[in-house]
Amino acid sequence: MYEWGSATCRAAVFAAAAASIVPSNDAAASGRDLTRAVYDYAVTSYCGTLTPAVEAGFRKELAALTARAGLDAEAARRLRIRGWVEADREWSNRGLGGHRAWCEEEGLPAAYHFWEIAKGIKQP
């Protein structure tokens with residue numbers, strides 16, 4: 001499921017670099033919702049920055065956001081689907097090569113956000 005090698009190392013370096021330019025706010029303070037969390041997770045997948053730590057952070061945030069919003073299973077499912085659809089549409093809109101900027105602007109910060117949650121640096 002995960003490929004380790006130079007691509008992962010590059011992703012880690014980019015995530016560390018993104019830390020210096022991306023503010024580190026708690027999810028509640030930044031107004032994140034379930035749709036945005038799933039969108040960000042999908043972007044990490046498209047951009048190749050999905051690692052076990054990113055996955056773990058996403059799972060923690062997913063559970064916290066679902067509980068915080070008091071969502072039932074069906075409402076949570078609809079919001080998760082919306083996040084995946086929005087990410088897929090954005091990926092389709094980027095065209096050939098346009099995903100590079102998307103990955104720098106959204107993929108790396110999203111991966112770092114989930115990584116911080118997984119490492120306990122940030123609360124979900």
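Analyst: Happy to. Keep in mind that the model is predicted.

User: What makes C47 and C103 a disulfide?

Analyst: The distance between their sulfur atoms. A disulfide needs two cysteine sulfurs within 2.5 Å. Those of C47 and C103 are 2.0 Å apart, so the pair qualifies. A search of the whole structure finds 1 disulfide.

User: Which parts of the chain does the pair link?

Analyst: Distant ones, 56 residues apart. C47 belongs to helix α3 (residues 34-47), and C103 to helix α6 (residues 99-118). The link is left-handed, with -90° about the S-S bond.

User: Are C47 and C103 buried or exposed, and how do you know?

Analyst: Buried means under 20% relative accessible area. C47 has 18%, so C47 is buried. C103 has 12%, so C103 is buried too.

User: Why are α4 and α6 called roughly perpendicular?

Analyst: Their axes cross at roughly 75°. The label covers 65 to 115 degrees. The angle falls in that range, so α4 and α6 count as roughly perpendicular. Helix α4 spans residues 52-69, and the two axes come within 7 Å.

User: Which residues make that contact?

Analyst: From α4, the list is A53, V54, A56, G57, F58, K60 and E61. From α6, it is A111, H113, F114, W115, I117 and A118.

User: How many residues of each class does the contact of α4 with α6 have?

Analyst: There are 9 nonpolar, 2 polar and 2 charged residues. Gly counts as polar here, and G57 is one of the α4 residues in the contact.

Technical notes
Residues are numbered from 1 along each chain as its sequence is written. This is a predicted model: local features need pLDDT of at least 70, side-chain atom pairs count only at pLDDT 80 or more; totals for chains, interfaces and linings use all residues. Side-chain values use heavy atoms; hydrogens and water are left out. Helices (H or I, at least four residues) and strands (E, at least two) are DSSP runs, numbered from the N terminus. Buried means under 20% relative accessible area, exposed over 50%, partly exposed in between (1.4 Å probe, protein chains only). Axes are lines fitted to C-alpha atoms, for helices over the stretch in contact, and angles run from 0 to 180 degrees between N-to-C directions. Angles under 35 degrees count as roughly parallel, over 145 as roughly antiparallel, 65 to 115 as roughly perpendicular and the rest as oblique. Contact means heavy atoms within 4.5 Å.
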